[in-house]
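Hello,

Here is the structure I promised to pass on. Please open it alongside this note.

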Amino acid sequence: MKPTTTLAIAIAASLGVACSSSSSPQTTSGGGGGGGVAQLMKDRNLTEADVTAALKTFTPSGRHDEYYIFASGGHSGQVIVIGVPSMRILKYIAVFTPEPWQGYGYGDESMKILAAGRRHGHDITWADTHHPALSETAGDYDGQYLFINDKSNPRVAVIDLKDFTTKQIVTSPLIESDHGATMVTPDTDYVIESSQYPAPLGGEYADVKEWNDKYRGAVIFWKFDRAKGRIDPTSSFAIELPPYMQDIADAGKKVSDGWIFINSLDTERAWGGNKEGNPPLESGASQNDMDYLHVINWKKAAEVAKAGKTEQIAGMPVIRLQTAIDEGLLYFVPEPKSPHGVDVTPSGEDMVVSGKLDTHTTVYSWAQMKGLIDAKEFATKDPYGVPVLSFEKSIRGQAEVGLGPLHTQFDGDGFAYTSLFLESAVAKWSLAKLEVVEKIPVNYNIGHLLTAEGDTVSPDGHYLVAMNKWAIDRFAPVGPLLPQNFQLVDLSGPKMQLLYDMPIPLGEPHYAQMIKADKIKAENIYSPAGIDPYTGERSANAVEPNQERIEVKPDGVHVYMTAIRSHFTPDIIRVKQGDQVHLHITNIEQADDATHGFALDSYNVNLSLEPGEHNDVDFVADAAGVFPMYCTEFCSALHLEMAGYFLVEPK
Ligand code: K7E
Ligand code: CUA
């Protein structure tokens, strides 16, 4: 039994129940009776802390949450949308992988979006999503767009938050993995994607023994065209980097606007080969005391790229490493002990770097680094000639935070919160004093963490979510593959309080961002009817009521169909075996939530038609037979009757 608050003890004592700590696994049981709060607490074995946590998170029916979380869906290739403080899941946004409920990857336009993410001639049906980034205006979330990366198959996606739909996937054969992605510059001019595992640029072949000469990293600056809501690959460019493993990145803001910061590991340039007489990669890459924080002048780089001082590699204008050095675009600063997170403070004045094998976070001063750069005062150069600043002259200090620090977020009161992976805790520390003021244990092995708007120029603080890698005993057993554990922590009181455990059974989420709910202006219907969500425009094939028809054209049979409660028109389609079929279906409803599905037996046709949405789907009617088609959303009392037949007459 842990010490707990006096009220709970008093209540418990008067009721004759044991006080239990909410941080050890146990079963709550019973519940129910009509004996008031004290009786409920007794029946369900709850402490006062449990009850206050419940009061802080319980959200009555019909009431909305204060914040949205946009979390990476890890291996699922999706984004998870969660309400705070209730921690209710609001949506999974289909991004890199087909998603049946949303019909994503089943119609022509969404298949085109996924096909844009093909690599080396392969369809890719999974993703290792890591870092979502909300679009920003002047360094603050504006609620318009969301970007997210796939680390394994380096790709970047654009999601429009008007309809929570993926609009674009871009990928470049320049690099073979990414990790410092996605981060945005303060006005979302660029979406940053930097490589992690070096490879010959442009998908070329070279043996790994040629690492030092032929392998390279790169950072891609994807130009975001906000008016179009799309990345413009033709205005994007990249900078070649040495073959270190570039890690997390963050963009400068306010005083450091115009610059980005990327961590690295493996400045030893180890490449593994544990059966070839080398140490395994992990020890080969951990020899040096220091790796390099990359400091990059992106505003100047954009000018250099515009001036054409680039080389085309795999269709991407690339500022070569030597040009980057000559033009003063790239500088290094040593950083201790297998660095991971780099996080720019809200004022933009400091960069907080955590070394996984260090017990400190190191706080770099932008003013000091900029002073050294301006004075051309360099301590040394790396083997490729990149100027290296003095570590001692670049840092403002270090904070002793604990074991295995990874990532840092901020509140509006001058505090930083750093995740401690090895210690399974969050350290709250003062940015001014560089001293820890409080720690809270989490369960277990925390990776990223997030506070409300905690990586912007004006963090709210208020709530923190610990994104824990392991759940172990937190939830009822479900076999060896356990969910991840998001833990909601209240930051608003004098002490941090753990409020809620949320299992995430979808993949390993890595990072998430939390935005004020009133910044999201989502629309409930597509208006006017006939809009294809994936292009965002009214489809040329949109079907008006009373214009439904079947036309035989030189390229096949075109079916112009509408859906409305509770029928498809036409509801009988007759084709001949071998015909090319083009279905054009418009949901002509304009009522909230009046979604229809369209499923066609045995042809793998499955669409989700939100109110006003139009989809096209092309296929060959190669199998003869009788195929029911029906609506897959229970849209009305006569939903089961919303059906028809696709008749394929044998040759
Ligand atoms: Cu998992 Cu940001 Cu990819 Cu750290 S990263 S934990
Ligand atoms: Cu439309 Cu069910």
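Below is what I found in it.

This is a predicted model: local features need pLDDT of at least 70, side-chain atom pairs count only at pLDDT 80 or more, and totals for chains, interfaces and linings use all residues. Residues are numbered from 1 along each chain as its sequence is written, and side-chain values use heavy atoms, with hydrogens and water left out.

Domains first. The assignment gives domain 1 (3-46), domain 2 (67-519) and domain 3 (531-649). Such bounds come from an automatic or database domain assignment. Between domain 1 and domain 2, the C-alpha centres are 43 Å apart.

Next, the cores. A nonpolar core is a set of buried Ala, Val, Leu, Ile, Met, Phe, Trp, Tyr and Cys residues joined through side-chain atoms within 4.5 Å. Buried means under 20% relative accessible area (1.4 Å probe, protein chains only). The largest core has 31 residues. Val-219, Phe-221, Phe-237, Ile-239, Ile-260, Ile-296 and Ile-319 touch the most other members. Helix H7 (residues 298-306) gives this core the most, five residues. A second, separate core has 26 residues, including Phe-598, Tyr-603, Leu-607 and Cys-631. Helices are DSSP runs of H or I, at least four residues; strands are runs of E, at least two, and both are numbered from the N terminus.

Last, Gly-73. Its place is in the loop between strand E1 (67-72) and strand E2 (78-84). Gly-73 is buried, at 1% relative accessible area. Leaving out residues up to four places away in sequence, Gly-73 touches Gln-78, Val-79, Ile-80, Thr-129, Leu-506 and Gly-507. Contact here means heavy atoms within 4.5 Å.

Best wishes

Key: Chains lettered and ligands numbered in written order. Buried < 20%, exposed > 50% of the residue type's maximum accessible area, 1.4 Å probe, protein only.
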